[in-house]
Amino acid sequence: MGSSSRRFQGKVAIVTASTQGIGFAIAERLGLEGASVVISSRKQKNVEEAVEKLKAKGIGQVLGVVCHVSNPQHRKNLILQTVEKFGKIDVVVSNAAANPSTDSILETKESVLDKLWEINVKAAILILQDAAPHLNKGSSVILVSSIAGYDPHPSMSMYGVTKTALLGLTKALAKEMAPNTRVNCIAPGFVPTHFADFITGNDTMRAMLEQKTLLNRLGTTDDMAAAAAFLASDDASYITGEILVVAGGINSRL
Ligand code: NAP
């Protein structure tokens, strides 16, 4: 990634599930553009390694906190530590998701349905409930949905439905949090990460997905970071309640 702009100078950004993949790239981008960044994920070791990587890239203000997004104490601690260290919150990127099963919806166990709802939707709401009192005028929230929220692949149908819920949540929260906080969403296409490896790791599947794009390639984590950074920045100061599909032209909607 290469950006010489400093749109987040003096801003404080929290990114959940940010020790690798899309979340890490978003944290990196915001940090390189001047933000103090708070990264988090479930595993202490991953958090420590990601903090070091960001520091090695010249990002000075980085805080790493262990936060499993479905753990209430972890969520509260994430917000508390951020405010203690940096004094405020300007940007929250809710990026965590689980996709524990490839079963069809009618075969998905109740415990899996609960987990999908809890991590992909409920935790995003609860973390914003904790963060809301600290969000000032001009703040911004980014939810991370998916192209699967528009057109779920059969191997991830119920996951796709939770991502559809985030599209509605974007609209609802944008109304609720206006005018001080803008709420927008990115819907990534297919990006080779650990999370997507069960699809993009398969050569035949990968070629098929590449063909579904207009740009003949899968997405990169930097593609997603650029879109999230735009929506979170003042460049998007008149945009709220919107979903930006970042999928290389894969069909999503009119
Ligand atoms: P990834 O590369 O596998 O990274 C997942 C990150 O989330 C890791 O840092 C992991 O660290 C952390 N994590 C996992 N479960 C967590 C939890 N319960 N609480 C907190 N942190 C957690 O995944 P990714 O592909 O970047 O996915 C990020 C987001 O993009 C997800 O919302 C996903 O639905 C969305 N998305 C991805 C794609 C794609 O093709 N990759 C497409 C559309 C949408 P720990 O193991 O240390 O927790």
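Start with the crossing of α1 and α2: select both helices, and you are looking at a right-handed one. (A crossing is left-handed if the near helix is turned anticlockwise from the far one by less than a right angle, and right-handed if clockwise.) This is a predicted model, where local features need pLDDT of at least 70 and side-chain atom pairs count only at pLDDT 80 or more, while totals for chains, interfaces and linings use all residues. Residues are numbered from 1 along each chain as its sequence is written, and side-chain values use heavy atoms, with hydrogens and water left out.

Helix α1 covers residues 21-32 and α2 covers residues 44-56; they pack at an angle of about 35° with axes 11 Å apart. Axes here are lines fitted to C-alpha atoms, for helices over the stretch in contact, and angles run from 0 to 180 degrees between N-to-C directions. Helices (H or I, at least four residues) and strands (E, at least two) are DSSP runs, numbered from the N terminus.

Now show side chains where the helices touch: F24, A27 and E28 of α1 meet A50, K53 and L54 of α2, with contact meaning heavy atoms within 4.5 Å. That set splits into four nonpolar, no polar and two charged residues.

Next, select the ligand. Around it sit 28 residues, the closest being T19, I22, S41, Y159 and T193; being near takes a heavy atom within 4 Å. Which T193 atom lies 2.5 Å from a ligand oxygen? A polar side-chain atom. Then try the backbone: an N or O atom of V191 is 2.8 Å from a ligand oxygen, and a polar backbone atom of F195 is 3.0 Å from one. On its own the ligand has 900 Å² of accessible area, and the protein covers 94% of that (Shrake-Rupley method, 1.4 Å probe).

Last stop: P179, in the loop between α5 (157-177) and β6 (181-188). Check the peptide bond from A178 to P179, which is cis, with omega near 0°.

Note on methods:
Nonpolar A, V, L, I, M, F, W, Y, C, P; charged D, E, K, R; others polar. Polar contact = N/O pair within 3.5 Å; in protein donor to acceptor, adjacent residues only side chain to side chain.
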